[in-house]
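Thanks for coming. I have one structure to go through today, so please have a look at it while I talk.

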Amino acid sequence: MATIEMKNIVKQYGDNAPAVRDVSLEIDDGEFVILVGPSGCGKSTLLRMIVGLEEITSGDMMIGGERVNEKPPRDRNLAMVFQNYALYPHLSVYENIAFPLRLHKGAKEDEIDRKVRDAAETLELTEFLERKPANLSGGQRQRVAMGRAIVRDAQAFLFDEPLSNLDAKLRGQMRTEIARLQRKLGVTTVYVTHDQTEAMTLGDRVALLKKGVLQQVATPRELYEKP
Ligand code: ADP
Ligand code: ADP
C-alpha cells in the first residue's frame, strides 16, 4: 500500500510561477524515496506540503489512504528531521529525545523511559544520554534528532537536507548510518537533497524535480544504466 500518495499537487506562492507543478507520486510502505534537484526546484515546498507546514494550492495529499489536505501537522503522524536538527541546547540528550513524548498529557514515565532507551540503543547513543547537545559531534546530534523522530512511532520520516551542515567525511558516515537505520526500522522515508551522491546511494527510488516538475522517478540502478 502507498503510505504517501500525491495526486496532481500544485503549489503557487502569490502571483509567482508555480513552485510545484502537477506532481503525482506514490510512495510505498517502507520505501525510501529521495527527492533531488537543484536549489529552488520545489523540494522543500513539496516536503512541507507532505508534513502539513505548507498549504496545498490544488491536488490531493493522501497519507495512509486518507486525504490530509486540511489536516494540521500534529494529526498526520509524520516525523520531520530538520537541517539544523532543532535540538534544545539546555536539555540533555535524554530529554531531547523524550520531548515529543512529554507533550502528550498522561504519558507514563516508565513508558517514556523505555522508548527513549530503546531509541538510544538503536542509535548507539546510550552512553551520551546525560550530555548536552553542545558536547556532541555533528553526527551524534544528527542521531539525537533521529531519536526524537523514532520515539514518535511515526508513519513516515521526512528529511530536509539533514547532512548539509556536516563536513564531507561525516556526511559520508551519516549517509551510511541513515541508510542502515532506515532498513533496520523499515519506516517509509522521504529525503530531500540537492546532492547527487546522496541521491544515488541512499534510497530505493530517486524522484528528480526541475522547476517544480517531476521529471523522472527511477531506481538508482536504472539511472546509472540510462542517465
Ligand atoms: P528547493 O527546496 O528545491 O530549494 P523550495 O521549495 O525552497 O526549493 O522553493 C521553490 C520555489 O518556491 C523557489 O522559487 C522559491 O523562491 C519559492 N518559495 C519557497 N518558499 C516560498 C515562500 N514562502 N514564499 C514565496 N516563494 C517561496
Ligand atoms: P500533540 O499530539 O499533543 O499535539 P505532538 O507530539 O503531535 O503533540 O507534537 C506537537 C506538535 O509538534 C505537532 O504539531 C507535531 O506534529 C509537531 N511535531 C513535533 N515534532 C515533530 C517532528 N519531528 N516532525 C513533525 N512534526 C513534529
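This is a predicted model: local features need pLDDT of at least 70, side-chain atom pairs count only at pLDDT 80 or more; totals for chains, interfaces and linings use all residues.

Residues are numbered from 1 along each chain as its sequence is written, chains are lettered from A and ligands numbered from 1 in the order in which they are written, and side-chain values use heavy atoms, with hydrogens and water left out.

First, the fold. The chain has seven helices and ten strands; these are DSSP runs numbered from the N terminus, H or I of at least four residues for helices and E of at least two for strands. The C-alpha trace spans about 45 × 40 × 35 Å along its principal axes. With 227 residues, a compact globule would have a radius of gyration near 17 Å, and the chain has 18 Å, which agrees. That radius is taken over C-alpha atoms, and the globule rule is 2.2 Å times the number of residues to the power 0.38.

Now ligand 1. Which residues surround ligand 1? They are Tyr13, Ala19, Pro38, Ser39, Gly40, Cys41, Gly42, Lys43, Ser44, Thr45 and Arg48, where near means a heavy atom within 4 Å. By class, this shell has four nonpolar, five polar and two charged residues. Here Ala, Val, Leu, Ile, Met, Phe, Trp, Tyr, Cys and Pro count as nonpolar, Asp, Glu, Lys and Arg as charged, and the others, Gly among them, as polar.

For polar contacts with a ligand, I take pairs of N or O atoms within 3.5 Å. The backbone of Gly40 puts an N or O atom 2.7 Å from an oxygen of ligand 1. From the side chain of Lys43, a polar atom lies 2.9 Å from a ligand 1 oxygen. On its own ligand 1 has 550 Å² of accessible area, and the protein covers 58% of it; areas come from the Shrake-Rupley method with a 1.4 Å probe.

Next, ligand 2. Polar backbone atoms do the contacting at Met80, 2.7 Å from a nitrogen of ligand 2, and at Pro73, 3.4 Å from an oxygen of ligand 2. Taken alone ligand 2 exposes 540 Å², of which the protein buries 68%.

Last, the loops. Asp153 is not a glycine, yet has a positive phi of about 50°; this residue is in the loop between helix 4 (138-150) and strand 7 (156-160). Glu161, also not a glycine, has a positive phi of about 40° and sits in the loop between strand 7 and helix 5 (168-185).

Note on methods
A polar contact is a pair of N or O atoms within 3.5 Å; within protein, one must be able to donate a hydrogen and the other to accept it, and residues adjacent in sequence count only if both atoms are side-chain atoms.
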